[in-house]
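This report describes one protein structure for a reader who has not seen it before. Please look at the sequence and the model, then read on.

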Amino acid sequence: QVQLEESGGGLVQAGDSLRLSCAPSTFSSYAMGWFRQAPGKEREFVAAISRIGGSTIYADSVKGRFTISRDNAKNTVLLQMNSLKPEDTAVYYCAARLAGVAKNVGDYSYWGQGSQVTVSS
């Protein structure tokens with residue numbers, strides 16, 4: 001059983017940057033992903049990183065603006081979000097799976113409680 005806890009959300013203006021952190025209770029065996037869910041919308045994939053960080057994938061909507069990384073020594077996965085847009089407003093979730101990177105919600109077994117990110121125009 002993996003417990004995930006997100007931190008770093010908040011209210012920012014368009015064009016600002018924000019960094020989300022996720023601290024799993026166990027870490028090195030899992031690929032990690034970030035997803036988000038806006039009000040009235042389905043949860044969607046944002047980014048994912050492999051167990052040792054050698055492989056990353058991104059949603060087209062965030063490619064070039066967001067960067068996912070992990071520090072296995074510190075048991076932390078980060079999502080650096082730059083050039084934020086109002087459409088990035090959502091609850092952001094950290095997720096873990098015992099396999100390679102994946103984009104589907106159903107591919108992940110463990111989820112955090114979410115962190116609110118609000119981008120004002």
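## Overall size

The protein chain has 121 residues, and its radius of gyration of 13 Å agrees with the value near 14 Å that a compact globule of this length would have. The radius is taken over C-alpha atoms, and the globule rule is 2.2 Å times the number of residues to the power 0.38. Along the principal axes, the C-alpha trace spans about 40 × 30 × 25 Å.

This is a predicted model, in which local features need pLDDT of at least 70 and side-chain atom pairs count only at pLDDT 80 or more, while totals for chains, interfaces and linings use all residues. Residues are numbered from 1 along each chain as its sequence is written, and side-chain values use heavy atoms, with hydrogens and water left out.

## Strands and contacts

The protein chain has 11 strands and zero helices. Both kinds of element are DSSP runs numbered from the N terminus: helices are H or I with at least four residues, strands E with at least two.

Of the contacts with a separation of 6 or more, 58% are between residues 24 or more positions apart. A contact means heavy atoms within 4.5 Å.

## Surface and charge

Of the 121 residues, 41% count as buried. Buried means under 20% relative accessible area, exposed over 50%, and partly exposed in between, with a 1.4 Å probe and protein chains only. The accessible surface of the protein chain is about 6,200 Å², and carbon and sulfur atoms hold 44% of that area. Areas come from the Shrake-Rupley method with a 1.4 Å probe; for residues, only the protein chains shown count as cover.

## The disulfide

The structure holds one disulfide, a pair of cysteine sulfur atoms within 2.5 Å. Cys22 and Cys94 form this link, with an S to S distance of 2.0 Å. The link is left-handed, with -80° about the S-S bond. It connects distant parts of the chain: Cys22 lies in strand β3 (residues 18–22) and Cys94 in strand β9 (residues 90–97), 72 residues apart.

Cys22 has 1% relative accessibility and so counts as buried. Cys94 is also buried, because its relative accessibility is 0%.

## Two loop residues with positive phi

Asn75 is not a glycine, yet its phi is positive, near 50°. Asn75 sits in the loop between β7 (66–71) and β8 (76–81), and its 29% relative accessibility makes it partly exposed.

Ser83, also not a glycine, has a positive phi of about 50°. Ser83 belongs to the loop between β8 and β9. With 42% relative accessibility, Ser83 counts as partly exposed.
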